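Have the sequence and the structure side by side for this walk. Each stop below picks out one part of the fold.

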Amino acid sequence: MSEPGRFPEPPVVIVGGLHADARRAAVARLLADVPGSVVLHHDLATAAAGTVVRTVRDATGILAAGEAPLVNDCACCALREDLVPELVRLADAGGTPLAVVELWDSVEPKAMAEVVTAGGFTVAGVVTAVDPALVLPYLGNGDDLAEGGLAAAATDQRTVADTFARQLEYASVLALAEPLPGSPEADDEDRELLAQLHPTARRVPIGHGNPAGTPPAGPELARAALAGFDVEAAAAAQHPACALLPAEADAHGVATLVWHRRRPFHPERLYAALEDLTCAAARSRGRFWLAGKGDTLLHWDAAGGALCVESAGPWLASLPDAAWELVPPVRRAAAALDWHPEHGDRCQHLVFTSPGLDRDGLERLLESCLLTDAEYAAGQAAWDLLPPAFDTLLEV
């Protein structure tokens, strides 16, 4: 909220994405849609040399440039430290109807949206710019970001695929750019894959992906980007305990399988099947229940042929009643939807999305990893004696 005598803070729209040409086209479109808007960008490409280059520009060109010092040898940390002070300077100068924060290639919008909100500014929208023809290649790219010069810190161990997936799934708006001349055109399968990966996002075509080109007329992207964004709700929609996961779908050669069961996995059989399950789909995510770890909600997150499994805290059924008051309402609501008289919110809820998905084969493989009738009937005491096959993966 603005102080008396100060100019009002401009709304902030965050634009990110690994598809750099599409991202620049989306920013150019916003500059054209909202006259007088200003773009703030931190270039992390020179971070290895110890500098982060900051530029402030409008539709006419660069207004100011400078460097932000590295913080703990982390370029993203430098961005976080420098971003809000720069937004404050823009607000103090006045006359800016919109501040566009253009993120560098591998920077994820969730962290920056939370920084902006904590700094007292309003995030009006989060846009991820995408070339639809590149969605599948990027989801299938298991290379480390560092291999392509895209790491944001020396310790950055993210891959292209998992970074792209999070950028895509967090945004409220997807700006769809046409490819550059000579690049592959998107087909119905590409567009359907994008729609199934993030069905609730507003998808806005922005024309040619040439950053030097003139964006087509029409303020549709600005309207979508300024429609409002709830940072807290967006975080909840990404949390595995209450994630807003895609629904069943099958069109244009792309399918989404939603697999929901109320019986725990056998740890050894699931562990043996991890490679096949991970490679069965371009993208899979969700939460799962492992026999022998009945108190722990486990997070499944796979893209690019790589799987991340980690603890996401307790199942609510494992908590004492008094602890429920400390749990956010959205978490309690999600648990209520999955509640079972015996097992509470413990369940399997996994979603697999891919072109050419072998739904029947995938379901058979998943079913084979569950406890058998006899194993299930043996009860919790017997489940706790099963081999701890996941301990190494979970670094227990």
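Helix 6 (residues 188-197) lies across strand 9, strand 10 (254-261), strand 11 (283-288) and strand 14 (348-355). Helix 6 runs at about 25 degrees to strand 10. Here helices (H or I, at least four residues) and strands (E, at least two) are DSSP runs, numbered from the N terminus. Axes are lines fitted to C-alpha atoms, for helices over the stretch in contact, and angles run from 0 to 180 degrees between N-to-C directions. Residues are numbered from 1 along each chain as its sequence is written. The model is predicted, local features need pLDDT of at least 70, side-chain atom pairs count only at pLDDT 80 or more, totals for chains, interfaces and linings use all residues, and side-chain values use heavy atoms, without hydrogens and water.

Six strands form an open sheet in the order 9-10-14-11-12-13, with antiparallel pairing. Strand 9 (249-251) and strand 13 (306-314) stand at the edges with a single partner strand each, so one side of each has no neighbour in the sheet. The twist averages 10 degrees from one strand to the next. Strands pair if DSSP finds at least two bridges between them. Strand 12 (residues 296-303) and strand 13 are joined by seven bridges in the antiparallel sense. Within strand 13, Ser311 is the bridge partner of Leu298.

Helix 11 (residues 359-368) also lies on this sheet. Helix 11 lies across strand 9, strand 10 and strand 14, at about 25 degrees to strand 10. Its buried residues are Gly361, Leu362 and Leu366. They cover an arc of only 130 degrees around the axis, which puts them on the same side of helix 11. That arc is taken from the directions from the helix axis to the C-beta atoms. Buried means under 20% relative accessible area, exposed over 50%, and partly exposed in between (1.4 Å probe, protein chains only). The buried residues of helix 11 pack against strand 10, helix 9 (267-278) and strand 14, with contact meaning heavy atoms within 4.5 Å. On the face turned away from the buried side sit the exposed residues Asp360 and Arg364.

Next come the aromatic rings. The whole structure holds 11 aromatic pairs. Rings of Phe, Tyr and Trp (its six-membered ring) pair if their centres lie within 6.5 Å; planes under 30 degrees apart count as stacked, over 60 as edge-to-face and the rest as tilted. Trp259 and Phe265 have ring centres 5.6 Å apart and planes at 15 degrees, so this pair is stacked. Both Trp259 and Phe265 are buried. Phe265 and Phe288 pair edge-to-face, at 6.1 Å centre to centre and 65 degrees between the planes. Phe265 lies in the loop between strand 10 and helix 9 and Phe288 in strand 11, so the pair ties together parts 23 residues apart in sequence. Phe288 is buried, as is Phe265. One aromatic cluster is formed by Trp259, Phe265, Tyr271, Phe288, Trp300, Phe352 and Phe390.

Asp345 sits in the loop between helix 10 (329-337) and strand 14. Is Asp345 buried or exposed? Asp345 is buried, with a relative accessible area of 3%. Not counting residues up to four places away in sequence, Asp345 touches Trp315, Leu316, Ala317, Arg331, Ala335, Asp338 and Trp339.
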